Amino acid sequence: MDTIKLMLADDHDVVRTGLRSFLETQPGVEVIAEAKNGQQALERARDAQPDIVLMDITMPDMDGMEATQKLKKLYPDCQILVLSVHADKQYFMKMLSVGASGYLTK
């Protein structure tokens, strides 16, 4: 089985730490990078080449919507899974339209 290389992008340290702790217990998953904003996610993706990015929407400097759109243009094979507090359908539809593969609420 191939290992899934995953990057976490969320501006809350406690969320990233908790997700990393949980995901590292899962067989076949390796958390290879973390980012605290969209700009950092773009920079880290360049070096890490993740298979999947777990992306928050509301982050400083560059939000998850803009970061998702840019990541998909640069790395079309990278899958973006949104994990957000926003349960509003407009966020869901907008994130899918910019290239997200799925959407989960926190």
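In which strand is leucine 83 found? Bearing in mind that what you see is a predicted model, leucine 83 sits in strand 4, which covers residues 79-84. Is leucine 83 buried or exposed? It counts as buried, because its relative accessibility is 14% and the cut-off for buried is under 20%. If we leave aside residues up to four places away in sequence, leucine 83 touches Leu19, Leu54, Met55, Asp56, Leu104, Thr105 and Lys106. Take Leu104 from that list: it lies 21 residues from leucine 83 along the chain, and yet the two C-alpha atoms are separated by 4.9 Å.

Let me turn to the core. The largest nonpolar core contains 16 residues, and those with the most contacts inside it are Met7, Ala9, Ala41, Val53, Met55, Leu71 and Ile80. At least two residues of this core come from each of strand 1 (4-9), strand 2 (29-35), helix 2 (38-48), strand 3 (52-55) and helix 3 (64-74), with helix 2 giving the largest share, 4 residues. As for valine 53, again not counting residues up to four places away in sequence, its contacts are Met7, Ala9, Leu71, Cys78, Gln79, Ile80 and Leu81.

In soluble globular proteins, nonpolar side chains tend to be buried together. Methionine 93 belongs to helix 4, residues 89-97, and it counts as partly exposed because its relative accessibility is 44%.

Technical notes
Residues numbered from 1 in each chain as written. Predicted model: local features only at pLDDT ≥ 70, side-chain atom pairs only at ≥ 80, totals over all residues. Heavy atoms only, no water. Core = buried A, V, L, I, M, F, W, Y, C linked by side-chain atoms within 4.5 Å. Buried < 20%, exposed > 50% of the residue type's maximum accessible area, 1.4 Å probe, protein only. Contact = heavy atoms within 4.5 Å.
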